[in-house]
Amino acid sequence: MTEDFKGSKILLVEDEETLAIGLEYNLIEEGYIVKWAKNGRDAIDFFEKEKFDLIILDIMLPYINGFEVAERVRKSDPQIPILMLTAKTESGNKIKGLEKGADDYMTKPFHLQELLLRVKGMLKRKSWYTSASQKQSDYKFGLIEINFKTLNCRNGDEEIRLTPQEAMLLKYLVERKGEIVTRKELLENVWHLNPEVETRTVDIFIARLRKYFEPDPSNPVYFKSIRGAGYMFEGK
Amino acid sequence: MRGKHSLFYHILIFIIAQLVWLLLLGIWIYWYVSNYIVFEKVGDQVSPQLVYDVQNALPFILGLILLIGLSFTTSLIFRHLNVQLRITELYDNFIGNVTHELKSPLASIQLYLETLKQREVPSEKRKEFIDFMMKDADRLQSLINSILEISAQEQRKLLQNYHVYNTYFLVKELIEESCEKFRVPKDSYQITGDASSEIVASKDALKIVFDNLVDNAVKYSTQQAKIVASLICNTKKVTILFTDLGIGIVANEQKKIFNKFYRIYNKAIPNVKGTGLGLYRVKEIIKAHGGKIIVSSEGENKGTTFKIEMPAYQAMSKRRLKKLLKNEKQSQV
């Protein structure tokens, strides 16, 4: 792994003891510092007391479930990447997880190498985003003002705070204003994922951006769907 | 959400069907009565053969019986439909829970295998990882068994090896094993009471009973689980009172907990994992032993007591003993 990410602090929220110990071992071997929370209550507690670079979060947790943990975390820190890790396979759960603020989702059982690559990718994106937002921090379209550095947006009188993943997707689309961007391209360049795996994730994030910025999300004027191709951003 | 909607539509269709039904009935009665009045008025004049007599009331009475019969059948079909819907809902929950319970240990085993393959793991750690894998394999095995054993045939296989045991020593051994398995410290459980009676039991089956009771006591306690098992024996029966100091069960849930796939939701401890089969199996096993199990709880956060009653060896009929212990004799031969 890149030297830069060694020492990154990961909050591992998993109640299955054997799985958590195995994950902790592997993450430590990769050079990360790991704090293990056995339930949702501990996870919130640790998160409020310490600063973390990434959260690996199970959904079925004692006391407070993963969706609620993600929601609470997002309220106080929109930037921290959250990887949901769960045995639930229904697509409804996946959508719910991403809607609650998770940036990525993996189902159990998973391949160790894939998990480590995703963790690394998320940390890389976070660090890339931090440096990219330094260069061009502000952008305006319509009544919308976006500060990529603070992730704060203003849509008229409404204040919105983006997650890093949402901000990265928005930044990518803004940089390619007026061009058709395929789902495959977005998965490869924004999520750094194998585009064969899935494309639904992109749609969920586009829906989130439409909800924030479109006057009528069902008839988008900024984030247009191009049938059979992908999406196009048209900032006016 | 979908379940609720479909139930709503079924009820709506049922109400509409009943309204249509009543309307038709009204029309039919109206038609019959008005015709009858007309018929009675002009009958004499038209034809003397058509004079009203008692037999002419027969179509009306038969029509009413038919309508009542149909109405009853509709209600019966509706009732069965509701039962079916409830079973489907429970079954869906069961599949969801089982999938989760199967995937978690599998994910853990896969993680350790990949770790051992990809990394140079020190021998001490390697041993620890193998132990974890074995533990997860055991968990998978017991889950698969519990799914298989809900079929009557498998349940019978489990209940083949009956032997005569001293109640106290058997219960003590089984509870101690279960407490060790579910990590209940020695000072958190106690077994008290009379030790004299003997029971005829399948040890493997009773192990499942106490595993489930201890596991539930652990899962449904907000703090460290505390368990007290008291034995009361007399010449006729053996009573085991298994009490935990967990979150308890509200009155309307107490009867349902032994139903197949039924699971309790308590906001004090959400997301408790399980399949909804444990207590159903417990009830079936105790029933197969000629005993019964009931649950009592004073309410939320007041603990739960399971009262198991089983016939004492001395009180069992010779015929039943012969039937239960036939395998024991065969194995001795």
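Colleague: What share of the 236 residues of chain A counts as buried?

Modeller: First, this is a predicted model, where local features need pLDDT of at least 70, side-chain atom pairs count only at pLDDT 80 or more, and totals for chains, interfaces and linings use all residues. Residues are numbered from 1 along each chain as its sequence is written, while chains are lettered from A and ligands numbered from 1 in the order in which they are written. A residue is buried if 20 or more other C-beta atoms, placed from the backbone, lie within 10 Å of its own, exposed if 12 or fewer, and partly exposed in between. For the 236 residues of chain A, the buried share is 38%.

Colleague: How many helices and strands are there in chain A?

Modeller: Both are DSSP runs numbered from the N terminus: helices are H or I with at least four residues, strands are E with at least two. Counted that way, chain A has 8 helices and 12 strands.

Colleague: Is I44(A) buried, exposed or partly exposed?

Modeller: I44(A) sits in helix α2 of chain A, residues 40-49. Leaving out residues up to four places away in sequence, it touches I64(A), V69(A) and R72(A), a contact being two C-beta atoms, placed from the backbone, within 7 Å. Because it has 19 C-beta neighbours inside 10 Å, I44(A) counts as partly exposed.

Colleague: Why do the buried residues of α2(A) line one face of the helix?

Modeller: The buried ones are G40(A), D42(A), A43(A) and F47(A). The arc is that of the directions from the helix axis to the C-beta atoms. Seen down the axis of α2(A), the buried residues line one face because they fall within an arc of 155°.

Colleague: And which residues are exposed on the other side of α2(A)?

Modeller: Start with the buried residues of α2(A): their cover includes β1 (9-13), β2 (33-37) and α3 (66-76) of chain A. On the other side of α2(A), the exposed residues are D45(A), E48(A) and K49(A).

Colleague: In what order do the 3 strands of the open sheet in chain A run?

Modeller: Strands pair if DSSP finds at least two bridges between them. The edge strands, each pairing on one side only, are β10 (180-182) and β11 (223-226) of chain A. β11(A) is joined to β12 (residues 230-233) by 4 bridges, and K224(A) has M232(A) as its bridge partner. The pairing is antiparallel, and the order is β10-β12-β11.

Colleague: What angle does helix α7 of chain A make with β10(A)?

Modeller: Axes are lines fitted to C-alpha atoms, for helices over the stretch in contact, and angles run from 0 to 180 degrees between N-to-C directions. Helix α7 (residues 183-191) packs on the sheet, touching β10 and β12 of chain A. Its direction and that of β10(A) make about 70°.

Colleague: Which element gives the most to the side of chain B that touches chain A?

Modeller: The contact takes 21 residues from chain B and 22 residues from chain A. On the chain B side, the elements that give two or more residues are α2 (58-118) and α3 (123-148) of chain B. With 13 residues, the one that gives the most is α2(B).
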